[in-house]
Each structure stands twice: as C-alpha cells, then as structure tokens.
Amino acid sequence: RVERPSRIPTRACGEFAMRRRASLLAIVVASLLATASAQPKRDKPSGGGPGGGGAGDKPSKPNKPGAPPAEGKPPSRPGSGGSPAVGGKLAFDSATGKLKGTWAGATIPSYRAPMAAPLLGTVGYGTDSTLIYGPFEAGFGSGPRVTSASDARPPYPCKDGSTYSGYCPGGMDVKTCEETLFKTCASGTVRTELFMDECGGHANPYHYHMDPVCLYKPDDPGHSGVVGVMLDGRPLYGRHESTGTAPADLDPCGGHTGTVPAYDLWGIPEGAKIYHYHARTKPPFLLGCYGDETTSSLQHCQRLYQSGTRKCGDNAGVAMSESVEIEYDLWCPCYDSDGKQADGFFEYADAAAEEPAMEGLTGMRLGDKVLNVKRAAYDGGVGGATGGGVGSAPPGFAPGSLPGAGGVNGEMASECVRLTNMVTRDELTDPTEAREILEDTQEECAGFGELTRVVMPLPGGKSRLEDPAGVGEVFLLFANAEGAGRAVRSLNGRKFADRVVSAGFITRAEFDKYAA
C-alpha cells in the first residue's frame, strides 16, 4: 500500500488531468486483454469461436441422473472415455472456504475475488471436468439484415430452405438470443441444434452455459449438490437451497453465503457455511463475476466490468432485425435476482416530491416500453433493501447512498470514497509512476474538501493472486461527508485515459480494511 500524509493545496480542483506517460495506450490495451482473460488452448471451441456457437461435430450427451445408460453403456461426457472423468485433486480449505488444487488441468484458484470473470471462454469446470462458460456467445450471423446462400463463421442461427439468416450480437446471453430469434426468423427456421441441449450445454468442445441438470437431480429435496468449481475456487451448486427452492438472496455474481451439504470427493464437510454459487434458470445462469461477501450490489458487479470496449453501462438498443430492436447492455454479465440488467433509482432530497414523481412518470411511454414507478422498499437495517422484487431497492442501498445524493436530513452517506477504474495494475507495478499517481490524486482531490488520507493498494507480487484487496482502486478519507460528497459528484462518470471513473461512498469500516 502506498499512503501519503495529507497536503492540502489552496487551489480548487479543476479538470481531473493527471500526469501520464506516453505508454498509457499500451497499458489500456493490456488491461483489456487481461479482462478478456486468455484461455488455455484446449478450451478454444471449434466452430463458432470463443463462447460457442459452433455447428461442428455434435458431442455426446450424458444421461440424466438416475436414467438408464444408453444401449447398456455407462453415462459419458465428451472426452470422458465412456466413464465420468476424474479431473484432478481438489481439497477444501476451511480457512478460506475455497477449493484448492487442480481440476481438468487447471490450477484452482486462478482468480481472486471480487473480480471480473472472462466474458468468453472458461469460467469454471463441472464435476465431470466439462468446461463451464459464462452467459455470453461470441455472436451468430453477420448482421440484422444479412442473408446468405451458405453458412459461415460465426454460423447463421436460422435456415429457410437454402437461405441462411438471423442475427445475435456478441455479448448477449444465450437465452435472450434464442428467444428473440423465434420473433425475428420465420417459423420453424431457428437452428435449435446450435443452442443449449437438455443438459444445458452445446458445441464442440462441449461446454455448459446454463443449469447443468445432467450433473445432479433438480427434483431431489433439500440443497442441490455440487455441480462444479469456478476458477476462483468457489464451488457451484445446483439451483436449490436447503428449502428445496431457489435462493432469494443471490448477488449479481450468482453467489451467497450459506450452509452447504457435504461433498466427500473435494472434502467439503456437511454444514460448512461458505460463499458459494448456484445455477439459475435466468441470466447469468452460472456466473456473473467472481464474488465474495462484499459483492452485494448490481453497481459493484458493474464496476468490475469497466475496462476496454466491452463493459457495462452502454445500455444501448440492439437491432436484431429490420423490425425488432431490444434494449440490452451487451457484454455486461451483471443481472439482478429477476434476470434484469438494471433498474433506475431516484432519490429526492425532499420526500414530498416522491408522490408527484410517481404519478407523473407511471404510464409514460419510452419507445415500446411503459414506465412503472414505485417507491423503493428499505428496511433501514444493515444490508438495506427488503425483498428484491418490483419496488425494492437494490441490495446495499440506503438513503444517501446514491452518488451525490443527500441522506436523512441532507447528510451524506459517508466521509469515505472509493475510486474504481482510475488506475490499472500495470501502472502500479512501476514504483515511480505509482508515486506520481498518488501525488496527483492527493493534489487534485484536496480541492473537494479537507482530505485526511489517500490509500492506494499496490500489487503484492508477480501474480494477481498475490495482490492484496483493492489493487486498482483508490480510497479517499475526508474530514467530513460534505467533502466526500463533492468528490463523488465531480468524479463519478468522468472519463480518464479512455476509462470511465466510478466514484462511490464506502463505510469507514471498509476504508479501514484497505488502509490497514
């Protein structure tokens, strides 16, 4: 960690312009490549490119649990040699709640949390060693208005006689893609073989995008069993909690903390209370990001995906055909418990303005959509929102927690601020540049108010796994909440070195954790 005692200059903060080096473009490119995360050669699918979509050799499928083997043969997966594959050796670490070792030739864990997961390619492995991918495909077809007499790569998702057509852009989840094609393509022309089979996977090499129901028995009572391990070492379970129903408190990464059943092969004991992931029938299906106990809000997940051109926050309309356009945030794997990417929240300094706002906005048409506005539910306790359905505030929301908003009696949420996406790990590996960044941040942000401390965690070694929490972020402590509020209002959303800075409040306890 680099920390510098406060120097309070008298000049006000102007443009957030810091001294940068000419190598910045190369650094930004490196950051983009790191987010995309290079995959092992064995993981590259044939056919449709990273993310699947290939129409090559159709892989064999496993029998569902409890079903008789086909033609008297044991259940098998692609590449299993006719029997369930043993992928390596994993051991449960009770101190961290993670699995460690190797599985399917991969080192586990190879990612820390919280952290963005690869947008295409492998994010984990099934208990049968089959690849697990995130929600996205690399794309289908060549454009919303393009037809062809022959197939191509990526493949066209629809075929009418000898004419190929249909389009899904890269960065759209597989379920939304397939459902939309039934609206944009002629009846009976969607090539369903390109999409998910009854086991939740497709393509060659075979990989899962959705609930891998052939690895467990979804109808069994109680907590679903283990179906895989993610690259951060957290186990992935089927879609049910101990109640036999889907958990209602999954964060945008797809995980939560709770007790799990034993899994002897990996040494997970009965009743261990750990952070773990669950499969879902809605996006992101298996993984939104590598999470932990802190990734409770949709905004936190979105902040993890802010590098390069593939990032959250575009919220653009996507043309699927000449007549169909849908609202979709491409390349953003952050979804709420209803499988939605975002809701809008407004906080008024004067509570009396809420009723007129709801009356005026409800029923208003925006394009082909009709607004439905309700008061966000907030229980006032730790964790903020109650429930998670329509009308509920986002997890972790509290009055005054929106950037620049005033809380109860006009007070700001905190005197502590987190700046995300302002620096990269590569920049921080150079001690001189790291010192310059710290000094520039100190000098510029002091104009918002009395700045007490600036903390900027530094990389811990050659690997990201050795890094302490908070690397790539900057933490500010002001003498009061007013100064912090001015910093958040000024810095949040400001473009810096082709990156968009995200500024938000954190609690003093969180700040002290990073400053320790």
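In which sense, parallel or antiparallel, do strand β6 (residues 131-133) and strand β10 (residues 207-208) pair? Before you select them, note that this is a predicted model, in which local features need pLDDT of at least 70 and side-chain atom pairs count only at pLDDT 80 or more, while totals for chains, interfaces and linings use all residues. Residues are numbered from 1 along each chain as its sequence is written, and side-chain values use heavy atoms, with hydrogens and water left out.

Select β6 and β10 now: they pair in the parallel sense over 2 bridges, and I132 has Y208 in β10 as its bridge partner. Strands here are DSSP runs of E with at least two residues, helices are runs of H or I with at least four, and both are numbered from the N terminus; two strands pair if DSSP finds at least two bridges between them.

At its start, a side-chain oxygen of D430 reaches to within 3.0 Å of the backbone nitrogen of T432.

Finally, select A509 in helix α8 (residues 508-515). The C-alpha atoms of A509 and C416, 93 residues apart along the chain, are separated by 9.4 Å.

Technical notes: A polar contact is a pair of N or O atoms within 3.5 Å; within protein, one must be able to donate a hydrogen and the other to accept it, and residues adjacent in sequence count only if both atoms are side-chain atoms.
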